[in-house]
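These are my notebook entries on one structure, kept in the order in which I looked things up. I began with a single side chain and went on to its partner, to other charged pairs and then to a sheet.

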Amino acid sequence: MALTARAGDPGSQHLLLSLLLLAAWEAGSGQLSYSVPEEAPHGTFVGRIAQDLGLEPAELVPRLFRVASRERGDLLEVNLQNGILFVNSRLDREELCGRSAECSLHLEVIVDRPLQVFHVEVEVRDVNDNPPVFPATQKNLFISETRALDSHFSLEGASDADVGTNAYLRYNLSPNEYFSLEVPTTDEQVKPLELVLKKHLDREVDSELRLVLKATDGGKPELTGTVELLITVLDANDNAPVFDKAVYRVKLVENTRNGTLVVRPNASDVDEGSNGHILYSFASEVSPKTRASFHIDPASGEIKVNGKIDFEETELWKIQIEAVDTGNPPMFGHCTILVEVLDINDNAPELLVTSLSLPIPEDAPLGTVIALISVTDPDSNVNGQVTCSLKPNMPFKLVSTFKNHYSLVLDSALDRETVSAYQVVVTARDGGSPPLWATASVSVEVADVNDNAPAFAQAEYTVFVKENNAPGSHIFTVRARDADAQENARVSYALVERRVGERALSSYVSVHAESGKVHALQPLDREELELLRFQVSARDAGVPALGSNVTLQVFVLDENDNAPALLAPARGGALSEALWRSAGAGHVVTKVRAVDADSGYNAWLSYELQPPAGADGARSPFRVGLYTGEISTTRALDEADAPRQRLLVLVKDHGEPALTATATVLVSLVDSGQEPKTSRVSLGVVGPEASLVDVNVYLIVAICAVSSLLVLTLVLYVALRCWGSPTQGACAPGKPVLVCSSAVGSWSYSQQRRQRVCSGEGPPKTDLMAFSPGVPPGSVSGDSGSQQQSFENK
């Protein structure tokens, strides 16, 4: 679709405005055409280009309105205040287009926001500003007086740089009685102008004639050019050489090698001797370029190629040849050689790429214009018909916007993480045989957008840390990878804050924002915290920021940092027991009870009886169970045994290194004829001077009964607690629990305080071990008192 408006034509402008109101212009979908005469003065109105393109003058500057031209860019300019296209500098049609019948300037109008490209053609109309010009101001002719009537003498015609009617020439010869002018009737004026002899010359009357040949063009106003014809009348040699053809037509392929024969014109002279000997030469009017491109043999007249023959420079050679005899005076014959140059496909296409939107963001919409491409091929016909293509498997395509003009646009989605840059190769191929092609490369860099969140290699990590670590120690490093680039890939780390029991998570651990290193801010105590489960978030620096989380499970490994602890009544003092001397071997005297806050082997306790000082190797009548802590007799007691026995029991765990505790047991031996005294526990240090208190048998029976009832009550209570479902809050400190020894010893899962597993997922777990010591029937008073004290210290 093309709209044409001529400068200074109001009717055309109104018609153009009407058409613009009915048509919606898309970028690259049409073409505006204007017309302006050459030599128009500066400021001449060409057209309201902004209005014709559907643009408001107020938006020209904000949208970066600009005009690009393959020709001189300063010929035409646009007033950005009113959107008028005007002449900026001198327009010379002959300088721009030479002898071409059509002459136009191609403009590319580009506006941004959004990007639009318009094509505008401005026709430069010819005005009659060039007069006809002859090759020389004077032409010398030598004519024998003996020449016959109607003899023809060739003249070089004038040339006019204009075109059309402005270049149509008429010739007039000044009035005279001897010659008339014969003008060719064909438009091409292949035959030269000729003087025709109408009256015999007489050298004795007129030896020299001066005539004026005037050429007038068809422009308004008419322009003229003249040449003076100086005719010298010669005597003698009265027959001029004559060519067998007035015009020789030859076709010559361009790029023909030097020395190739073009044509052999033939002239003959009926005279004899030197008057009939002919020499060939280029006419004096032949240009230096023609003389450099062709060579003529003076003797034979053969014309051969002597320089570059290029169709793109000259399509038709017009060569004037003279044949002159050697008579005195010499006679001349003339002919014209027309050499038509045939085009071959010797010029590859030329590509011009103008990049616009680079780099292109990876989320750019389809159809985004990336570059403008124009292609030219100076060859003709199919040799100059060019098609453009791209390498396959590219997310781009070429869209034709005008003849030999293309836009490189986005055809499919981009992903910088897959391909960060493209080397787009545009191939232009002509239709010649064989075809020639040219390539141009456009480097398209894909700009990153924040479309990838940081990703961890695993969704969850398990970390093992020994308790009692140093404050600030590094326990783990989290690392997330972001497939984006630059700021969009810069990852920072942070804790996902929550409560761990009554304390904030940040009081236990911290995460370095840049390195992702996780540090323990305080020593961890497995007896308080077995498992710490928390999340670390990773966020990038993009806008908007993207992030993800990873879960860390930190298991606190136990170390042997707790010594065995004696349970009441042996804690902090001595345990006193009364024993009948009549007791036999294997009689259980009492039991030492202890627990260890550690776990595993670190809490597995064993008991040893330390030999008293100064024992002299005497065998002790008592022993202690290795894992039960029960003190029993090894033999029957006799009178030789001291009435007061001081036993030291060493309680030791199995940790590395092992930790120990010591319990003191005071055993008073009572003869069978005496009433045993009431046993008691001294919470202070029991001295050897302490005396036993006599106890009434009935009082002992009552105490045993009450103790048994209390034991039964506690057992039922513990059983109900074990079977029930406690609903205490997570990580809450537990109450002391009853711990008794069994045949395999005391393990750490039976402790005075409940172990905590803090993961934020469900209540803590409490392990319980209940022991049932076997009490012989004859030792009710001893064990029952011991058990009662143990329970009362809970």
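Is Glu-39 buried, exposed or partly exposed? I found Glu-39 partly exposed, with a relative accessible area of 30%; I use buried for under 20% relative accessible area, exposed for over 50% and partly exposed for what lies in between, with a 1.4 Å probe and protein chains only.

Before going on I noted that this is a predicted model, in which local features need pLDDT of at least 70 and side-chain atom pairs count only at pLDDT 80 or more, while totals for chains, interfaces and linings use all residues. Residues are numbered from 1 along each chain as its sequence is written, and side-chain values use heavy atoms, with hydrogens and water left out.

Entry on salt bridges. I took a salt bridge to be a side-chain nitrogen of Lys or Arg within 4 Å of a carboxyl oxygen of Asp or Glu, and by this rule I recorded 27 salt bridges. Glu-39 is in one of them, with Arg-90, at 3.0 Å from N to O. This pair links distant parts of the chain, 51 residues apart, since Arg-90 is in the loop between β6 and α3 (93-97) and Glu-39 in the loop between β2 (31-37) and β3. Helices (H or I, at least four residues) and strands (E, at least two) are DSSP runs, numbered from the N terminus. Arg-90 is also partly exposed, at 47% relative accessible area.

I next looked up Lys-397 and Asp-411, whose closest N and O atoms are 3.8 Å apart in a salt bridge. Lys-397 lies in strand β29 (residues 396-402) and Asp-411 in the loop between β30 (405-410) and β31 (421-430), so the pair ties together parts that are 14 residues apart in sequence. Lys-397 is partly exposed at 37%, and Asp-411 is partly exposed at 37%.

For Arg-635 and Asp-641 I noted a salt bridge with the closest N and O atoms 2.8 Å apart, and here Asp-641 counts as buried, at 9% relative accessibility. I also followed salt bridges that share partners, which join Arg-526, Glu-527, Glu-530 and Asp-558 into one network.

Entry on the sheet. I traced an open sheet of 3 strands, in the order β3-β6-β5 and with antiparallel pairing, where two strands pair if DSSP finds at least two bridges between them. The edge strands, each pairing on one side only, are β3 (45-47) and β5 (76-79). Between β5 and β6 (residues 84-87) I recorded 4 bridges, and Glu-77 has Phe-86 in β6 as its bridge partner.
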